[in-house]
Amino acid sequence: MSGAPGSGGFALLADADPEEVARLLQSGRRRTFTAGEVVFHAGDPADTIHLVRSGRFAVRITTEFGDVATLNVVGPGDAFGELALLTPGAPRSATVAALERGETLSVHQHDFARLRKERPQTNDLLIELLATRVRRLSEQLVDALYVPAETRVRRRLLDAAAAFGNVERNATIPLTQDELASMAGTSRATVNKVLRDEQGLGAVQLGRGKTTIIDPDALRRRAHGLFT
């Protein structure tokens, strides 16, 4: 996802004044993360939003049973931690960790509040961002309640391909089977079975800690229940 010229490449700032965006970005703190490094934990104080410059980051929660569920994967041009802008003082609602080496620009809520005051259009962008998050969570809830686990695995694999910027032939998703299981809300054994079935059908190629999609159209058909 990329923003308009003058937005610094961030979709959230696409409609903001370029000069104000430049001021906002100058106030941000550049942060780099290695693969597996935690940006923040659920329950931590929330006073910044992170604008993703490079890399991919997983947004995760821990269920009451101790299982870890991945709610979303965000990449360059996207943002996470936006609730800090709307609910000052509230704790983080999820844990965010880097899936690969990445860089963010951490902007304090006070600096963003100034932009929202001077450019009210920014509020519309925040609403759009939150609405997108709600739609995605609603879709995942419906999947969890009514869609078989095998189908969820295929859908989350395609989602991951989109998050890594490629849903075409030979797209490589550098996620482990445990991470895919977390995204699909199922077990690693189920993920392994689905991926091996898809490999046998020629749709994917399995590697160590990664999956390459060879035939996205066939995978997409099966992800929507069209087993032809």
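A salt bridge here is a side-chain nitrogen of Lys or Arg within 4 Å of a carboxyl oxygen of Asp or Glu. The close-ups below all come from a predicted model.

**View 1. D111 and R114 pair up within helix α3.** D111 forms a salt bridge with R114, and their closest N and O atoms are 3.4 Å apart, which is inside the 4 Å cut-off. Both residues belong to helix α3 (residues 109-118), and because they are 3 residues apart they are separated by about one helical turn. An α-helix has 3.6 residues a turn, so residues three or four places apart point the same way. R114 is partly exposed, with a relative accessible area of 24%.

View 2. R60 sits in strand β4 (residues 57-62) and E179 in helix α6, so that the pair links distant parts of the chain, 119 residues apart. Is R60 buried or partly exposed? With a relative accessibility of 21%, R60 counts as partly exposed; the cut-off for buried is under 20%.

**View 3. D178 and R188 connect helices α6 and α7.** Here the side chains of D178 and R188 meet in a salt bridge, 3.7 Å from N to O. D178 lies in helix α6 and R188 in helix α7, so the bridge ties together parts that are 10 residues apart in sequence. Both partners are partly exposed: D178 has a relative accessibility of 48%, and R188 has a relative accessible area of 43%.

**View 4. Helix α6 is largely enclosed.** Of the 8 residues of α6, 6 are buried, so the helix is largely enclosed by the rest of the structure. Which residues of α6 are buried? They are Q177, L180, A181, S182, M183 and A184. Their packing partners are β5 (68-74), α5, α7, β10 (204-207) and β11 (210-213).

View 5. S182 is placed in helix α6, which spans residues 177-184. With 12% relative accessibility, S182 counts as buried. Leaving aside residues up to four places away in sequence, S182 touches V68, A69 and T70.

**View 6. Helix α5 packs across helix α6.** Two packed helices are described by the angle between their axes and the distance between the axes. For α5 and α6 the angle is about 110°, and the axes are 9 Å apart. The two helices are therefore roughly perpendicular to each other. On the α5 side, the contact is made by R152, V153, R156, L157 and A160, while α6 contributes L180, M183 and A184.

**View 7. Helix α5 also packs across helix α7.** The axes of α5 (residues 149-163) and α7 (residues 188-200) come within 9 Å and cross at roughly 70°. How are α5 and α7 oriented to each other? They are roughly perpendicular, because angles of 65 to 115 degrees fall in that class. A149, E150, V153, R154 and L157 in α5 meet T190, V191, V194, L195 and E198 in α7.

View 8. V142 is found in helix α4 (residues 121-146). Together, L141, V142, L145 and Y146 make a nonpolar surface patch of about 470 Å². V142 is partly exposed, with a relative accessible area of 46%.

**View 9. T122 is a buried residue of helix α4.** T122 also has its place in helix α4. With a relative accessible area of 1%, T122 is buried. From T122 to F112 the C-alpha distance is 9.2 Å, and the two are 10 residues apart in sequence.

View 10. T32 lies in strand β1 (residues 29-33) and counts as partly exposed at 37% relative accessibility. Which residues does T32 touch, not counting those up to four places away in sequence? They are E37, G102 and E103.

Note on methods
Residues numbered from 1 in each chain as written. Predicted model: local features only at pLDDT ≥ 70, side-chain atom pairs only at ≥ 80, totals over all residues. Heavy atoms only, no water. Patch = residues over 30% accessible without salt bridge, like charges linked within 9 Å, V, L, I, M, F, W, Y side chains within 5 Å. Areas by Shrake-Rupley, 256 points an atom, 1.4 Å probe, with all protein chains shown as cover. Helix = DSSP H or I, 4+ residues; strand = E, 2+ residues; numbered from the N terminus. Buried < 20%, exposed > 50% of the residue type's maximum accessible area, 1.4 Å probe, protein only. Axes fitted to C-alpha atoms, helices over the stretch in contact; angles between N-to-C directions. Parallel < 35°, antiparallel > 145°, perpendicular 65-115°, else oblique. Contact = heavy atoms within 4.5 Å.
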